[in-house]
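Let's take a walk through a protein model together. Have the sequence and the 3D view open, and follow along one stop at a time.

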Amino acid sequence: MAHDPTPSSVLMPGLSDSQRYLFDLQGFIVLEGVLTADEVAHLNRVWDAHPLPPAGDTIQSQRFGGEFLGWDPAALALMDHDAVLPIMSELCGPQVRLDHAYGIVMAPGTSGLGLHGGGEPFDPSQYYMVRGGRIHAGLCVASWALVDVPEDHGGFCVVPGSHKASFSRPSSFPADLARAVPHRAGDVVIFTEALTHGTLPWNGPRDRRHLLFKYSPGNSAWANRESVPDHVRPQLTERQRLLAEPAYVGGRATTTT
């Protein structure tokens, strides 16, 4: 295929040239310092005010649904944060929608979800391709960290570049090829669900806390539920309301950024 000469400067704003190169190369990027220390502290206090059942070894005990969107305006504001929404608009298209959201809490010494995802076999809801000088992606994730995640603490891990794999991951694939993604409280990890990823055992001194928002193109849905709980919908801004609409094509409004 001939090289596409389309300069990145004509693409819609979102990723910088460096970020776009890294995202295409490895399937994820880390946005550093999106939240201030005060904002992180506030969200942690909000979390503390809504005690959750103790997290164990099962994924079901480590995840809680989108009810956290109603905990506090600061939590809901992450849904269309100006540092993230333009990037998701570039990755998923200008009619991007919020597919679902949930939180993750892991107690020290527990394990999480093993490696999953990958570019093959093709999944029409979770995919990655570049055509016409543009990234076209299915389900993409913004994972907001509320605690520091040094490399030796475990947590989120990836097989870099696997979002462009041409073959399915074999059952004999060595798990130690997956590497941790270090980041700090207030950072946001952006990744495509076409990337092979998982969770390493959590070795941090305190619970792992992340809030995840998963976005899809406007015509696509991965989750079989509404993206925002009914009791939260009256709190949505107009832009958030557009993001919370179900998947459809005809007459869908472009999400403003």
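**Starting on the outside**

Proline 124 counts as exposed, because its relative accessible area is 61% and the cut-off for that label is over 50%. Before we go on, keep in mind that you're looking at a predicted model. So where does proline 124 sit? You'll find proline 124 in the loop that runs between strands S3 and S4, with S4 covering residues 128-131. Now look for glycine 138: in sequence, proline 124 and glycine 138 are 14 residues apart, while in space their C-alpha atoms are 7.4 Å from each other.

Next, follow the chain back to S3, which spans residues 97-106. How many of its residues are buried? The count is 10 of 10, so strand S3 is mostly covered, given that buried means under 20% relative accessible area.

S3 also has partners. Strand S2, made of residues 63-64, pairs with S3 in the antiparallel sense over two bridges. S3 pairs with strand S11 (residues 208-216) as well, again in the antiparallel sense, and here there are nine bridges.

Let's go back to the surface for another stop, tyrosine 21. This residue lies in helix H1, which runs over residues 17-26. Is tyrosine 21 buried or exposed? Its relative accessibility is 57%, so tyrosine 21 counts as exposed.

Now zoom out to the whole protein. Its secondary structure comes to six helices and 11 strands, and 48% of its 257 residues count as buried. The accessible surface is about 11900 Å², with 56% of that belonging to carbon and sulfur atoms.

What about the overall dimensions? Along its principal axes, the C-alpha trace spans about 55 × 50 × 35 Å. A compact globule of 257 residues would have a radius of gyration near 18 Å, and because the protein has 18 Å, the two agree. Finally, take the contacts with a separation of 6 or more: 86% of them are between residues 24 or more positions apart.

Conventions
Residues are numbered from 1 along each chain as its sequence is written. This is a predicted model: local features need pLDDT of at least 70, side-chain atom pairs count only at pLDDT 80 or more; totals for chains, interfaces and linings use all residues. Side-chain values use heavy atoms; hydrogens and water are left out. Helices (H or I, at least four residues) and strands (E, at least two) are DSSP runs, numbered from the N terminus. Buried means under 20% relative accessible area, exposed over 50%, partly exposed in between (1.4 Å probe, protein chains only). The radius of gyration is taken over C-alpha atoms; the globule rule is 2.2 Å times the number of residues to the power 0.38. Contact means heavy atoms within 4.5 Å. Accessible areas come from the Shrake-Rupley method with a 1.4 Å probe; for residues, only the protein chains shown count as cover. Two strands pair if DSSP finds at least two bridges between them.
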